[in-house]
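The sequence and the structure are shown first.

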Amino acid sequence: MTRAPEAIGVDDFALKRGDRYATIIIDAYTHERLEVLDGRLAVTLEAWLKAHPEVKLICRDRSTAYAAGARDGAPQAVQIADRWHVWKNLIDAVEKTCIAHRACFSDPDHGAARGEGPSAQRTRSRHAAVHALLAQDASHGQIMRKLHLSRNTVKKYAAAEHAEQLIHGPKYATTLVDPFRDYLRKRRAVEPSVATWTLLGEIKAMGYQGGSTLLYRYLGQGRADGEHPPPSLRRLTRWITTNPAKLTASQQTRLEHTLKHCPDLQAVAGHVRSFAALLAADHDGNLDEHTARLDAWIDKVRADQQVPALRSFAEGLLIDHDAVAAALALPYSNGPAEGVVNKIKLLKRQTYGKAGLSLLRKRILLAQKHHG
């Protein structure tokens, strides 16, 4: 092993998924691969760091094992949490909130229409059966055996106050017709008998590049009738966590319409945008200023009783507080280490079933010398 730099990046990769892992350590400045360690336990990283006291900065993901290993092995070093992982944790919290408030933005009319399908009928029947047994103080295990359902299914149905929270609308992929949906809807409202072929010519003049079959199918599915159906959970989560400037006018309108019916989701959207501003701010090294902004955001979210999932996220930031604050203030990330892991996956495929960690380690460390 060669010298250790002042700044390193740390990440794990699977030798055998779900069974055995290893740790890659790189130079955070040059992205040079420095070492491959067997395992991803805290003591593994701790031992390596104690042998290299010159390390002053450690970039890592939100792993508690690496956090503990860095703390005990290099107490003199500054830990930097990866901003991408922090944002991903926030997205997960937003999605949980959307799930909890699905009933707020579900359209009763669309729900009634969906209720005619066998899948929706089965969902309502199961929901009623699960809650009937819960009312009789039956345990989840008893419900599983009684209704022949898995534990996760029982938990999902038990957590849903209304069956509509579990019923999804029709899933349509984005098409070339979507940008012209509002025009088609208004045009057919004025002239209900207008021919589809006429509409095709009109939207082609507006820039439509699809064919007639796509338009016929789109109109036949009723996708241009009435207002937009409620968005899916994943789509709503994406809209809330996307920079408003990068949303289309239609997406912004639909998001505003959805948030208007749910104050809790409005609160979440506000918190998300203020946190995004923290992440996007200049990483100028002013740790005190960035820490103060982070603390103010955490305090505001923890005081908001409307957003329990986001409060859990904020409390998780407190556990990793110094590393998250450093991520906001310093221009480092764990992206280079993640990139090396992707390259390691290729090396693994090339030597699949032919060698253990010893040879793989040599290939990982030597490969960079052949590729510059």
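## Accessibility and the basis of the model

A residue is called buried when its relative accessible area is under 20%, exposed when it is over 50%, and partly exposed in between. The structure discussed here is a predicted model.

The model contains 13 salt bridges, a salt bridge being a side-chain nitrogen of Lys or Arg within 4 Å of a carboxyl oxygen of Asp or Glu. Side chains of opposite charge can pair when their charged atoms come close.

One of these bridges joins Arg361 and Glu35, with an N to O distance of 2.7 Å. Arg361 belongs to helix H19 (residues 357–370) and Glu35 to strand S3, so this contact ties together parts that are 326 residues apart in sequence.

Another bridge forms between Arg20 and Asp38, whose closest N and O atoms lie 3.1 Å apart. Here Arg20 sits in strand S2 (residues 20–27) and Asp38 in strand S3 (residues 33–38), and the two are 18 residues apart. Arg20 has a relative accessibility of 36% and is partly exposed; Asp38, with 45%, is partly exposed.

## A buried charged network

Asp320 and Arg60 form a salt bridge in which the closest N and O atoms are 2.6 Å apart. Asp320 is located in the loop between helix H16 (308–319) and helix H17 (321–329), while Arg60 is part of strand S4 (residues 57–60); the pair therefore ties together parts that are 260 residues apart in sequence. Arg60 is buried, with a relative accessible area of 1%, and Asp320 is buried at 12%. Through salt bridges that share partners, Arg60, Arg62 and Asp320 are joined into one network.

## The S2 and S3 hairpin

Strands S2 and S3 run antiparallel and are joined by 5 bridges. Ile26 stands opposite Arg33 in S3. The hairpin has 5 residues between its strands, and His31 takes a positive phi near 70° there. Of the 6 residues of S3, 5 are buried, so this strand is largely enclosed by the rest of the structure.

## Helix H3

Helix H3 (residues 83–100) has 18 residues, and at 1.5 Å a residue it should span 26 Å; its end C-alpha atoms are 26 Å apart, so the two values agree. The buried residues of H3 include Trp87, Leu90, Val94 and Cys98. Arg83 and His85 are also buried. An α-helix has 3.6 residues a turn, so residues three or four places apart point the same way.

## Positive phi in two loops

Where does Asp137 lie? Asp137 is in the loop between helix H6 (118–135) and helix H7 (140–147). Its phi is near 65°, a positive value in a residue other than glycine. With a relative accessibility of 69%, Asp137 counts as exposed.

His148 is not a glycine, yet has a positive phi of about 60°. This residue is found in the loop between H7 and helix H8 (151–159). Is His148 buried or exposed? Its relative accessible area is 70%, so His148 is exposed.

Conventions:
Residues numbered from 1 in each chain as written. Predicted model: local features only at pLDDT ≥ 70, side-chain atom pairs only at ≥ 80, totals over all residues. Heavy atoms only, no water. Helix = DSSP H or I, 4+ residues; strand = E, 2+ residues; numbered from the N terminus. Buried < 20%, exposed > 50% of the residue type's maximum accessible area, 1.4 Å probe, protein only. Expected span 1.5 Å × (residues − 1). Pairing = 2+ DSSP bridges.
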